[in-house]
Amino acid sequence: KKIVPLNIGSLLTERSLAFWAMDDGDNHRSGYIFNTSGFTLEDVKVLQAVFKDNWGLETSIHSRNRLYVNSSSKNKLLNLIRPHFHHSMLYKINY
């Protein structure tokens with residue numbers, strides 16, 4: 001069972017977000033999805049708060065508890081993670 005540690009806000013960095021996006025993220029029309037369906041709704045809400053508090057990213061929770069970075073924050077997210085993306089994975093951010 002996957003859990004989100006209580007100190008996740010101090011553990012997540014732009015680099016770790018990039019690795020997460022390369023592994024289990026998906027460009028979605030005007031936003032970006034982090035596949036968090038293996039977590040409880042409460043844990044995804046914790047992640048949602050961290051995205052807001054750490055980087056000012058606006059998110060919503062979609063079906064199967066997936067964390068969706070809203071269109072208003074997508075460019076901000078991509079600017080944070082692009083420098084850490086491996087060139088072979090740039091298709092995941094349409095770059």
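Two strands pair if DSSP finds at least two bridges between them. Strands (E, at least two residues) and helices (H or I, at least four) are DSSP runs, numbered from the N terminus. The structure is a predicted model, in which local features need pLDDT of at least 70, side-chain atom pairs count only at pLDDT 80 or more, and totals for chains, interfaces and linings use all residues. Residues are numbered from 1 along each chain as its sequence is written, and side-chain values use heavy atoms, with hydrogens and water left out.

**Overall layout**
- The protein chain has four helices and four strands, in the order α-α-β-β-α-β-β-α from the N terminus.
- Of its 95 residues, 42% count as buried (under 20% relative accessible area with a 1.4 Å probe, protein chains only).

- Strand E2 covers residues 31-34, and both of its faces are covered.
- Gly31 and Ile33 are buried on one side, Tyr32 and Phe34 on the other.
- In a regular strand the side chains alternate between the two faces of the sheet.
- E2 pairs with strand E1 (residues 25-28) in the antiparallel sense over four bridges, and His28 stands opposite Gly31.
- Two residues lie between the strands in this hairpin, where Arg29 takes a positive phi near 45°.
- E2 also runs antiparallel to strand E4 (residues 66-69), joined by three bridges; here Ile33 stands opposite Tyr68.

**Helix H2**
- In helix H2 (residues 14-24), the buried residues include Leu17, Trp20 and Ala21.
- Their cover includes E1, E2, helix H3 (41-55) and helix H4 (71-81).

Note on methods:
Buried < 20%, exposed > 50% of the residue type's maximum accessible area, 1.4 Å probe, protein only. Contact = heavy atoms within 4.5 Å.
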